[in-house]
Amino acid sequence: MEHKVLIAGFGGQGVIVTGTLLAHAAMYAGKNTTFYPAYGIAMRGGMANCTVVVSDEEIGSPVVAHPTVLIVMNTESLDYFLPRVEEGTIVVVNASLVNKEADRNDVRPVYVRANDIANEYGDSRMANMAMLGGMIKATGMLPLESVHETMKKILTGKLAHMLKPNQEVLRKGFDSVK
Amino acid sequence: MAERVLMKGNEVIGEAAIRAGLTCYFGYPITPQNELTAYMAKHMLAKGRTFIQAESEIAAINMVYGASSAGARAMTSSSSPGISLKQEGISYLVGAQLPAVIVNIVRGGPGLGNISVSQSDYFQSVKGGGHGDYRMVVYAPSNLQEAADLTVKAFDTADAYRNPVLVLGDAILGQMMEPVVFKDIAHRTFDKSWTLGGKRNGRPANLVNSLSLEEGVIENWNWEFRLKYESMKKNELMFETLYCDDADLIIVAFGTTARICKAVVARARAQGLKVGLVRPITVWPFPYKALNDIGRKTGEFLVVEMNLGQMIEDVRLALPDACRIHFHGRPGGGVPEERDIFEIIDHVLVKNKKGAITTRGTFINWEIS
């Protein structure tokens, strides 16, 4: 099984962090994985995206032209990427910031109120973790626990106080998807 | 087994070089290899080794010349336009018989081009981008594990032949992250009695130099260097073959493109199509003989590159005349897509070349199309 995930949002929403965490979790779960960012000109508020491939097989291209999973953190990303994905793609939409539906009947939309969930735990900057949780639930790509365990390895030292709220937001995002 | 770590390609190459015993790194920033220079700034100094951000790419390669003359393990890295600037220095390194490792994380060209991925520096890398009659071993890793392993190997190869070695990556390899294991390294020692370390114990003076105006000297040097190049051809050639024994069509690709092609081969085999792969790991020396042998059994070849068709000229040289060679290329920042490559296989093996392919960058019977 191979999942090709494209994560898109604006700079500052944690798009790259989300992709990096997903790739780490996939590695610790014993999968093959690649992470590839849209690099170069980047700024807070500008478009940001990255692609993560998670596979049981050897991975070909880390550059994903046709994702199987699309995560959109904001309206601009939905407008840009939705017309470009193929039939059957799972589209995870940040319903807190995107005030419209994924308007195509051949994709599988999943809505996560990511900023609202993050705000419940005191910081909207954790919205990306809610999105990741929702995506994990919708795809069954990795066990939730393996992402929790990976967070323990990354959020250490000065970041240790962020572990618990991030894990909780991840779980809440996961649970919010039926 | 050592732990799998998830790292960016540029950082993997930097870490591998440090583990290989790099003592002097000289760089100058350019996208898409910036993380390599940044990694060195952080980690070389922390280990008490030398890191210098030079005032230009040209200064950096000449610092490599100086450090290597004094016996240091020296390295520089850049991306295409910066590597062009280093060509004079590379030629001097060969002429003065100095070991060094140069890393090129290739981007789109010509000119300033863009910061996207490309393989358009193949000719420059393998045919001698600088002046003079020279060769150097060029490693073309296809994934980050190989980037780590070949970077380590590059230092030993450079020392063994007293010749620069090039690690030829591309922007995907530099920017992507992938799990990698840093293996234990068996450190070899090399004769450094030729270096400029100060005359000790009254030994004769050493000279590191690429100039002689005396009659016949440079010609003799060239003949001596040739013996090294022949030895590299014999001993340093590396390539991978996949399903070549029964193949009806064989893809030839190097670097990142080869990993994309491997996925295509897997898909073709799953559909019962007999497709194989030849992947040069060293693009110089090039596996001419292996390809020639394979070409005696298989008639159809497909070369895929992220350029307008450069390695394909070496493939043509290698293969018997009767072999038909097709090409798919994406120059200037484009990335070959698995489905476009598969379409060519389908066209050749299933549709028997009936009908037309409209995908840009595809050439059936490349020489006559």
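Trainee: In chain B, what share of contacts between residues at least 6 apart in sequence join residues at least 24 apart?
Mentor: That's 77%, with a contact meaning C-beta atoms, placed from the backbone, within 7 Å. Keep in mind this is a predicted model, where local features need pLDDT of at least 70, side-chain atom pairs count only at pLDDT 80 or more, and totals for chains, interfaces and linings use all residues. Residues are numbered from 1 along each chain as its sequence is written, while chains are lettered from A and ligands numbered from 1 in the order in which they are written.

Trainee: How much of chain B is buried?
Mentor: Buried residues are 51% of its 369; buried takes 20 or more other C-beta atoms within 10 Å of a residue's own, with C-beta atoms placed from the backbone.

Trainee: And what box do its C-alpha atoms fill?
Mentor: Roughly 75 × 50 × 40 Å along the principal axes.

Trainee: Switching topic, which residues of H1(B) touch H2(B)?
Mentor: Asn10(B), Glu11(B), Ile13(B), Gly14(B) and Ile18(B). On the H2(B) side you'll find Glu35(B), Leu36(B), Tyr39(B), Met40(B), His43(B) and Met44(B).

Trainee: What about chain A, how many of its residues contact chain B?
Mentor: 16 residues of chain A, against 18 of chain B.

Trainee: Which element gives the largest share on chain A's side?
Mentor: E2(A), with five residues. Strands here are DSSP runs of E, at least two residues, and helices are runs of H or I, at least four, numbered from the N terminus.

How values were computed: Contact = placed C-beta atoms within 7 Å. Buried ≥ 20, exposed ≤ 12 C-beta atoms within 10 Å, placed from the backbone.
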